[in-house]
Amino acid sequence: MSEPKIIPLHSLSATDTPDVVLRLSDVTYTRRDEKLLDCVSFDIPSDGMTAILGPNGAGKTLTLRVIAGLIAPDSGRIDMADGLKDNMALVFQTPVLLRRSARANLIHALKIARVPRRLRPRQADELLALADLLDLADRPACALSGGEQQRLSIVRALAREPRVLLLDEPTASLDPRSTAAIERLARRTMRLGTKVIFVTHDWAQAKRLASGVIFLHRGQVTEVTRAPQFFDDPQSRAARCYKLGRLIP
Amino acid sequence: MDNGFLDAFRMLARFDPDLVEIILLSIKVSFSAVAVALLLALPFGALLATWPFPGRRALVVLVNALMGLPPVVVGLGLYLLFSHRGALGVLEFLYTPTAMIVAQTVLVFPIAASLSRQVFVDLHAQYDEMLRSLGANKWQILLTVFWEARRSLLTVALAGMGRALSEVGAVMIVGGNIDHVTRVMTTAIALETSKGSLAFAMALGIVLLALSVIVNAAVSFLRTDNGGAVHV
């Protein structure tokens, strides 16, 4: 297993870009002679929810993992607001939970976040309540339903009180009820002051949640715009085709 | 033969002192060997699984190959090492239970290291990115993986115990099968059978078989109890 490379991170200048929390400039990632990310550039504002939207294989998850620092790009530059590097949390598409109770999973995350031991049980219960999981606190995490596991993963990520929460297709393969619960939790998280960046291929979900949209197609950014404008009248051909459910040329 | 069986059960029923002494020494030697082997093998397995370094792949192949190490070869090697002219002769380990513990440790170590490495590889792959995304450092990741692996590692320990208890060649060479000193179940069975004392050999065989069944039942129970999530 090779050690991940260190991403060249730079601090955003607060005076130049007061509303931008994250900036990717010409980020490229190539594997087996295929450019999976091709000069990806965009700014992410510090407020609201930003959707990274696009069809399967567009490079959405890869972009999120690059932002999270789990994958180092081959070239390009990533600028972050001061202290953001250690103040982000990522929730994976498939929940990865420890083999212990729901509450113990949260207590472990709080321990990693260096929360004092005496405060952990109370904070764990607060997080469980936020996800409407307090009744299931002592149940083994692996015995929870898919939607409950994903909610638990989200509040576990909140244990370190991140400034930015990254969600990778958090409702993929969930039923409408579980999807609604996850979306409710995402909104609550945003209202608590956390910037939410989520990846989805679900047009309707992006429309319900996002205040800004980044559209990706074949590793390239085709559109970065505010949500109302994007959903009313997408400018790129790829996004227009995607909206109409047509194959993107 | 029938009388031999009856005599064997009678010996077991009355807790024959010689029998009990041999059984206790066997358990003491094997338990100590497994404990020492695990102490060395688990960190080594974790290192092989999680830390990239030059030659790691070759080391993994070597450790896997050593799982089939012939006990008599280990016995011979340690005999040469511990004999008076050997490099470690000054320790005077030869024909002592300590030498037997060392021999069994050498045999159990590759098994424990190889099996635990696989456990750590699987769990590390599963949890590494998630824990990093929560802000965990390498040490915290390692401790978490260790804790999550505890059930599988117990299975590794039991597999090592099975190997140690059933081993005969190495302990025979370095222990010498000396009565009341280094005689353990396997070496006693070999000796008593050659002498024609089948009842004593069979009594020890029954105990050895029972211990083997207990160890395997424990492994089987742990696999079932863990919802099939054991990695060995």
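**View 1. A salt bridge joins B:Glu129 and A:Arg65.** The side chains of B:Glu129 and A:Arg65 meet at 2.5 Å, N to O; a salt bridge is a side-chain nitrogen of Lys or Arg within 4 Å of a carboxyl oxygen of Asp or Glu. Across the interface of chain A and chain B the rule finds 2 salt bridges. The model is predicted: local features need pLDDT of at least 70, side-chain atom pairs count only at pLDDT 80 or more, and totals for chains, interfaces and linings use all residues. Residues are numbered from 1 along each chain as its sequence is written, chains are lettered from A and ligands numbered from 1 in the order in which they are written, and side-chain values use heavy atoms, with hydrogens and water left out.

**View 2. Helix H1 of chain A (residues 60-68) is largely enclosed by the rest of the structure.** Of its 9 residues, 7 are buried, where buried means under 20% relative accessible area, exposed over 50%, and partly exposed in between (1.4 Å probe, protein chains only). A:Arg65 is one of the buried residues, as are A:Lys60 and A:Leu62. Helices (H or I, at least four residues) and strands (E, at least two) are DSSP runs, numbered from the N terminus. A:Gly69 follows H1(A) and has a positive phi, near 85 degrees.

**View 3. Chain A and chain B bury about 2100 Å² between them.** Carbon and sulfur atoms hold 50% of this area; buried area is the accessible area (1.4 Å probe) that two parts lose on being put together, summed over both. The contact (heavy atoms within 4.5 Å) takes 22 residues from chain A and 23 residues from chain B.

**View 4. B:Glu148 is buried in helix H6 (residues 138-148) of chain B.** Its relative accessible area is 3%. The side chain of B:Glu148 reaches the backbone nitrogen of A:Arg99 at 2.7 Å. Leaving aside neighbours within four places in sequence, B:Glu148 is in contact with A:Leu98, A:Arg99, A:Arg100, B:Leu123 and B:Tyr127.

**View 5. B:Leu81, B:Leu88, B:Val90 and B:Leu91 make a nonpolar surface patch of about 340 Å².** Patches are made of residues with over 30% relative accessible area and no salt bridge; like charges are joined within 9 Å, nonpolar side chains (Val, Leu, Ile, Met, Phe, Trp, Tyr) within 5 Å. Accessible areas come from the Shrake-Rupley method with a 1.4 Å probe, and for residues only the protein chains shown count as cover. B:Leu91 lies in the loop between helix H4 (71-82) and helix H5 (97-133) of chain B and is partly exposed, with a relative accessible area of 42%.

Note on methods:
Polar contact = N/O pair within 3.5 Å; in protein donor to acceptor, adjacent residues only side chain to side chain.
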